[in-house]
Amino acid sequence: MSELTSTRIRTTATKLGLPHLAEALNQYVQRADEARMGYLDMLDLLLSEELAVRDDRRFRNGLRLSKLPHHKTLEDYDFSFQPELDPRKVKDLATLSFVEEKANVALLGPPGVGKTHIAVALAVAACRAGYSIYFTSLDDMVRNLKAAEDQGRLISKLTSYLRPSVLVVDEVGYQPLERAQANLVFQVISKRYEKGSIILTSNKTLGEWGQVFGDEVLATAILDRLLHHCEVVPINGNSYRLKNRLQAIERDTDVA
C-alpha cells in the first residue's frame, strides 16, 4: 500500500469516526499480508476490530457513569463460603434474561454475605452486554429525591433513576424511612415497573418491609410491583468481612 493511499484511508477513517482504524491501519495491513487474506476477510478484520474497540470504550464509559462501588465479577465470589447458595441460580441470572424481560432481582440476607458483590457483578455483566446501569444505596436515592423535590426538580431527578436499563438499589432496610420518603421510593418502583430491571439488596426479610417503609399499605404496594416479576435470592451464611477479620487476627496471633 502506498503512503498516499494509506494517508487517504486514515483521513477517511477519521472523518467516518473510526479513530482506531486510522491509528492501527499499518498493523492491520501487515496482519492481512502475513495471513494472505482476501479483500473480504481483511474488511471483516477491520470492522471486527473497530467494533471490539468501540464496545470496550462503551463498556468502560458505562462503568465510569454507573457509580458502582467496585467492579467485582462472579468469578471473584467465593461460593464455597456460602454452601446454602446455589451457584447455578446466580449464574442463571448472569445470562441476563431477567434484564431482557425487565424483571427484578432481590438479594436478601444478613450483612457481609456478599449481596452487594453479586449485585455489582450482575450489573457489570449487564454493562458489558450493552445495557445502561446505575448504582445507588436506598439512603442516597431517597436523600437525592427529597432534595430535588424541595427544589422543584423531582421529575428531573426521578428520570436519572428511571433511565438506566438496570438500577441497583443497595442496603434496603438499614435505615427506616418516613412515609414521605417511602412514597418517593414507591414512585421509582412504580414507574420502573415492567419498563426496567431493579437489583436490590436488603438485610430484611420481605415480611419486615412494613417496618422499613413505615407503612404496611405502602410497603405492600411496593412489594406488589417489585415481586410480580422477580427472582428472590436468599443468602443466609457467614460474613465474608468477619471471615477476613478472623483470618487477620489468626495471622497476627501466629506471628506474636
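Good morning, colleagues. Please keep in mind throughout that the structure before you is a predicted model.

I begin with the chain as a whole. The chain contains twelve helices and five strands. Its C-alpha trace extends over about 75 × 60 × 35 Å along the principal axes. The radius of gyration is 24 Å, whereas a compact globule of 256 residues would have a value near 18 Å. As for burial, 40% of the 256 residues count as buried. Among contacts with a separation of 6 or more, 80% are made by residues 24 or more positions apart.

I turn now to a pair of helices. Helix α9 covers residues 179-192, and helix α11 covers residues 216-227. At what angle do α9 and α11 pack? The angle is about 20°, and the two axes lie 10 Å apart. Angles under 35 degrees count as roughly parallel, and α9 and α11 are therefore described as roughly parallel to each other. Their crossing is left-handed.

Which residues of α9 meet α11? From α9 come Arg179, Ala182, Asn183, Val185, Phe186, Ile189 and Ser190. On the side of α11, they meet Leu218, Ala221, Ile222, Arg225 and Leu226. Sorted by class, this contact comprises eight nonpolar, two polar and two charged residues.

The C-alpha atoms of alanine 106 and leucine 226 are 8.8 Å from each other, although 120 residues separate the two along the chain. Alanine 106 is located in strand β1, which runs over residues 104-108. Is alanine 106 buried or exposed? Its relative accessibility is 1%, and the cut-off for burial is under 20%, so alanine 106 counts as buried. Leaving aside residues up to four places away in sequence, alanine 106 touches Leu200, Cys230, Glu231, Val232 and Val233.

Thank you for your attention.

Technical notes: Residues numbered from 1 in each chain as written. Predicted model: local features only at pLDDT ≥ 70, side-chain atom pairs only at ≥ 80, totals over all residues. Heavy atoms only, no water. Axes fitted to C-alpha atoms, helices over the stretch in contact; angles between N-to-C directions. Helix = DSSP H or I, 4+ residues; strand = E, 2+ residues; numbered from the N terminus. Parallel < 35°, antiparallel > 145°, perpendicular 65-115°, else oblique. Left-handed = near helix turned anticlockwise from the far one by under 90°. Contact = heavy atoms within 4.5 Å. Nonpolar A, V, L, I, M, F, W, Y, C, P; charged D, E, K, R; others polar. Rg over C-alpha atoms; globule rule 2.2 N^0.38 Å. Buried < 20%, exposed > 50% of the residue type's maximum accessible area, 1.4 Å probe, protein only.
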